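Subject: Structure handover

Hi,

Here is the structure I promised to pass on. Please open it alongside these notes.

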Amino acid sequence: MRSGAGFTPASSSQGRTFRSLDLFLRLTVIPLSAASLWVMATNKQANDAYGKVEFSNITGLKYLICTNAISLGYAAASILLSFLGCFDGDWLFFILDQVFAYLTVTSGSAATEVMYLAYQGDTEASWSEGCSYYGKFCSKGKASLFLHFAAFVCFVALSLLSAYEVFSKYEAPPLSSKDVGDQAG
(Lines give C-alpha, C1' and ligand atoms only; values in the text may rest on other atoms or scores of the structure.)
Protein backbone atom coordinates (compact mmCIF):
# COMPACT_ATOMS: atom_id res chain seq x y z
CA MET A 1 0.00 0.00 0.00
CA ARG A 2 1.00 3.55 -0.52
CA SER A 3 2.13 5.69 2.35
CA GLY A 4 2.86 9.37 2.42
CA ALA A 5 1.10 12.63 3.11
CA GLY A 6 -2.50 11.96 3.98
CA PHE A 7 -2.25 8.17 3.73
CA THR A 8 -2.15 5.70 6.57
CA PRO A 9 -1.10 2.20 5.60
CA ALA A 10 -3.30 -0.59 6.95
CA SER A 11 -1.73 -3.59 8.64
CA SER A 12 -0.64 -6.19 6.11
CA SER A 13 -2.67 -9.02 7.68
CA GLN A 14 -5.80 -6.85 7.68
CA GLY A 15 -5.11 -5.89 4.07
CA ARG A 16 -4.76 -9.55 3.06
CA THR A 17 -8.01 -10.40 4.85
CA PHE A 18 -9.88 -7.62 3.06
CA ARG A 19 -8.38 -8.56 -0.30
CA SER A 20 -9.34 -12.22 0.25
CA LEU A 21 -12.88 -11.29 1.23
CA ASP A 22 -13.11 -8.90 -1.75
CA LEU A 23 -11.94 -11.65 -4.12
CA PHE A 24 -14.32 -14.19 -2.57
CA LEU A 25 -17.30 -11.84 -2.99
CA ARG A 26 -16.40 -10.98 -6.58
CA LEU A 27 -15.98 -14.67 -7.39
CA THR A 28 -19.34 -15.38 -5.73
CA VAL A 29 -21.13 -12.76 -7.84
CA ILE A 30 -20.12 -14.55 -11.05
CA PRO A 31 -22.02 -17.84 -10.56
CA LEU A 32 -24.94 -16.10 -8.84
CA SER A 33 -25.40 -13.64 -11.70
CA ALA A 34 -24.82 -16.33 -14.32
CA ALA A 35 -27.34 -18.68 -12.72
CA SER A 36 -29.95 -15.93 -12.32
CA LEU A 37 -29.39 -14.91 -15.93
CA TRP A 38 -29.69 -18.48 -17.20
CA VAL A 39 -32.78 -19.35 -15.18
CA MET A 40 -34.62 -16.22 -16.30
CA ALA A 41 -33.41 -16.33 -19.92
CA THR A 42 -34.76 -19.86 -20.31
CA ASN A 43 -37.99 -19.01 -18.55
CA LYS A 44 -41.03 -19.61 -20.75
CA GLN A 45 -44.20 -21.61 -20.54
CA ALA A 46 -47.11 -22.29 -22.86
CA ASN A 47 -50.71 -22.77 -21.80
CA ASP A 48 -53.36 -24.14 -24.17
CA ALA A 49 -56.01 -21.75 -22.90
CA TYR A 50 -53.97 -18.55 -22.49
CA GLY A 51 -50.99 -18.85 -24.81
CA LYS A 52 -47.29 -18.52 -24.19
CA VAL A 53 -45.45 -16.36 -21.68
CA GLU A 54 -41.72 -15.58 -21.92
CA PHE A 55 -39.38 -13.32 -19.98
CA SER A 56 -38.85 -11.26 -23.15
CA ASN A 57 -42.50 -10.16 -23.05
CA ILE A 58 -42.01 -8.43 -19.69
CA THR A 59 -39.83 -5.32 -19.40
CA GLY A 60 -38.97 -5.80 -15.72
CA LEU A 61 -37.62 -9.28 -16.39
CA LYS A 62 -35.60 -8.08 -19.39
CA TYR A 63 -34.06 -5.42 -17.14
CA LEU A 64 -33.14 -8.14 -14.63
CA ILE A 65 -31.41 -10.16 -17.35
CA CYS A 66 -29.48 -7.16 -18.66
CA THR A 67 -28.34 -6.22 -15.16
CA ASN A 68 -27.23 -9.79 -14.47
CA ALA A 69 -25.23 -9.89 -17.69
CA ILE A 70 -23.53 -6.57 -16.98
CA SER A 71 -22.88 -7.53 -13.33
CA LEU A 72 -21.33 -10.79 -14.45
CA GLY A 73 -19.03 -8.95 -16.84
CA TYR A 74 -18.09 -6.35 -14.24
CA ALA A 75 -17.28 -8.97 -11.60
CA ALA A 76 -15.02 -10.86 -14.02
CA ALA A 77 -13.33 -7.65 -15.24
CA SER A 78 -12.78 -6.39 -11.70
CA ILE A 79 -11.07 -9.66 -10.75
CA LEU A 80 -8.80 -9.41 -13.78
CA LEU A 81 -7.97 -5.78 -13.07
CA SER A 82 -7.20 -6.61 -9.45
CA PHE A 83 -4.79 -9.35 -10.46
CA LEU A 84 -3.06 -7.22 -13.08
CA GLY A 85 -2.41 -4.51 -10.51
CA CYS A 86 -1.55 -2.00 -13.23
CA PHE A 87 -3.18 0.88 -11.39
CA ASP A 88 -4.55 1.86 -8.03
CA GLY A 89 -8.22 1.25 -8.76
CA ASP A 90 -9.61 1.76 -5.27
CA TRP A 91 -11.69 4.77 -6.28
CA LEU A 92 -12.84 3.13 -9.48
CA PHE A 93 -13.93 -0.02 -7.63
CA PHE A 94 -15.58 2.09 -4.93
CA ILE A 95 -17.70 3.96 -7.48
CA LEU A 96 -18.50 0.92 -9.64
CA ASP A 97 -19.36 -1.28 -6.66
CA GLN A 98 -21.84 1.39 -5.59
CA VAL A 99 -23.29 1.61 -9.10
CA PHE A 100 -23.74 -2.14 -9.35
CA ALA A 101 -25.31 -2.38 -5.91
CA TYR A 102 -27.86 0.21 -7.03
CA LEU A 103 -28.41 -1.48 -10.39
CA THR A 104 -29.03 -4.85 -8.81
CA VAL A 105 -31.47 -3.43 -6.28
CA THR A 106 -33.46 -1.55 -8.95
CA SER A 107 -33.64 -4.48 -11.35
CA GLY A 108 -34.47 -6.85 -8.52
CA SER A 109 -37.23 -4.51 -7.38
CA ALA A 110 -38.69 -4.26 -10.87
CA ALA A 111 -38.69 -8.03 -11.27
CA THR A 112 -40.12 -8.49 -7.78
CA GLU A 113 -43.03 -6.23 -8.68
CA VAL A 114 -43.68 -8.27 -11.82
CA MET A 115 -43.59 -11.51 -9.86
CA TYR A 116 -45.83 -10.07 -7.15
CA LEU A 117 -48.41 -9.13 -9.77
CA ALA A 118 -48.09 -12.59 -11.32
CA TYR A 119 -48.85 -14.20 -7.96
CA GLN A 120 -51.37 -11.72 -6.53
CA GLY A 121 -52.80 -9.81 -9.49
CA ASP A 122 -54.25 -6.33 -9.11
CA THR A 123 -58.02 -6.19 -8.78
CA GLU A 124 -58.12 -2.39 -9.11
CA ALA A 125 -56.49 -2.64 -12.52
CA SER A 126 -58.55 -5.72 -13.42
CA TRP A 127 -55.46 -7.94 -13.58
CA SER A 128 -55.91 -11.47 -12.40
CA GLU A 129 -53.06 -13.51 -11.03
CA GLY A 130 -51.33 -15.71 -13.56
CA CYS A 131 -49.27 -18.16 -11.54
CA SER A 132 -52.09 -20.66 -11.25
CA TYR A 133 -51.90 -20.96 -15.05
CA TYR A 134 -48.14 -20.51 -15.43
CA GLY A 135 -46.75 -22.20 -12.31
CA LYS A 136 -43.43 -23.29 -13.85
CA PHE A 137 -42.79 -19.76 -15.16
CA CYS A 138 -43.45 -18.26 -11.72
CA SER A 139 -41.29 -20.84 -9.93
CA LYS A 140 -38.35 -20.18 -12.21
CA GLY A 141 -38.90 -16.44 -11.80
CA LYS A 142 -38.71 -16.78 -8.01
CA ALA A 143 -35.54 -18.85 -8.28
CA SER A 144 -33.93 -16.25 -10.53
CA LEU A 145 -34.92 -13.47 -8.12
CA PHE A 146 -33.45 -15.35 -5.16
CA LEU A 147 -30.12 -15.74 -6.98
CA HIS A 148 -30.22 -12.11 -8.07
CA PHE A 149 -30.78 -10.85 -4.53
CA ALA A 150 -27.92 -13.05 -3.30
CA ALA A 151 -25.69 -11.27 -5.83
CA PHE A 152 -27.10 -7.96 -4.55
CA VAL A 153 -26.00 -8.85 -1.01
CA CYS A 154 -22.51 -9.52 -2.36
CA PHE A 155 -22.48 -6.11 -4.07
CA VAL A 156 -23.58 -4.40 -0.86
CA ALA A 157 -20.73 -6.12 1.00
CA LEU A 158 -18.32 -5.16 -1.81
CA SER A 159 -19.53 -1.56 -1.56
CA LEU A 160 -18.80 -1.51 2.14
CA LEU A 161 -15.39 -3.11 1.67
CA SER A 162 -14.38 -0.76 -1.12
CA ALA A 163 -15.59 2.25 0.88
CA TYR A 164 -13.50 1.11 3.83
CA GLU A 165 -10.52 0.51 1.55
CA VAL A 166 -10.73 4.00 0.05
CA PHE A 167 -11.47 6.00 3.17
CA SER A 168 -9.16 4.16 5.55
CA LYS A 169 -6.19 5.56 3.65
CA TYR A 170 -6.95 9.08 4.78
CA GLU A 171 -6.49 10.52 8.22
CA ALA A 172 -9.35 12.38 9.81
CA PRO A 173 -8.92 16.16 9.64
CA PRO A 174 -7.64 17.66 12.86
CA LEU A 175 -10.19 19.38 15.07
CA SER A 176 -9.59 23.06 15.62
CA SER A 177 -10.15 24.62 19.06
CA LYS A 178 -13.34 26.23 17.66
CA ASP A 179 -14.70 22.76 16.67
CA VAL A 180 -13.93 21.39 20.15
CA GLY A 181 -15.76 24.34 21.75
CA ASP A 182 -18.79 23.82 19.48
CA GLN A 183 -18.99 20.15 20.44
CA ALA A 184 -18.71 20.85 24.19
CA GLY A 185 -21.44 23.51 24.23
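Below are the notes on its helices and one of its residues.

The model is predicted, so local features need pLDDT of at least 70 and side-chain atom pairs count only at pLDDT 80 or more, while totals for chains, interfaces and linings use all residues. Residues are numbered from 1 along each chain as its sequence is written, and side-chain values use heavy atoms, with hydrogens and water left out.

Start with α2. This helix (a DSSP run of H or I, at least four residues, numbered from the N terminus) covers residues 59-84. It has 26 residues and reaches 37 Å from first C-alpha to last. That is close to the expected 38 Å (1.5 Å times one less than the number of residues). Among its buried residues are Gly-60, Leu-64, Asn-68 and Tyr-74 (buried: under 20% relative accessible area, 1.4 Å probe, protein chains only). Just after α2, Gly-85 takes a positive phi of about 60°.

Next, Ser-144. It sits in helix α4. Its relative accessibility is 0%, so Ser-144 counts as buried. Leaving out residues up to four places away in sequence, Ser-144 touches Ser-36, Val-39, Met-40 and Leu-64 (contact: heavy atoms within 4.5 Å).

Last, the helix pair. α3 (residues 90-120) packs on α4 (residues 135-167) at about 155°, with axes 8 Å apart (lines fitted to C-alpha atoms over the stretch in contact; angles run from 0 to 180 degrees between N-to-C directions). That makes α3 roughly antiparallel to α4 (over 145 degrees).

Best wishes

Notes:
Helices (H or I, at least four residues) and strands (E, at least two) are DSSP runs, numbered from the N terminus. Angles under 35 degrees count as roughly parallel, over 145 as roughly antiparallel, 65 to 115 as roughly perpendicular and the rest as oblique. Buried means under 20% relative accessible area, exposed over 50%, partly exposed in between (1.4 Å probe, protein chains only).
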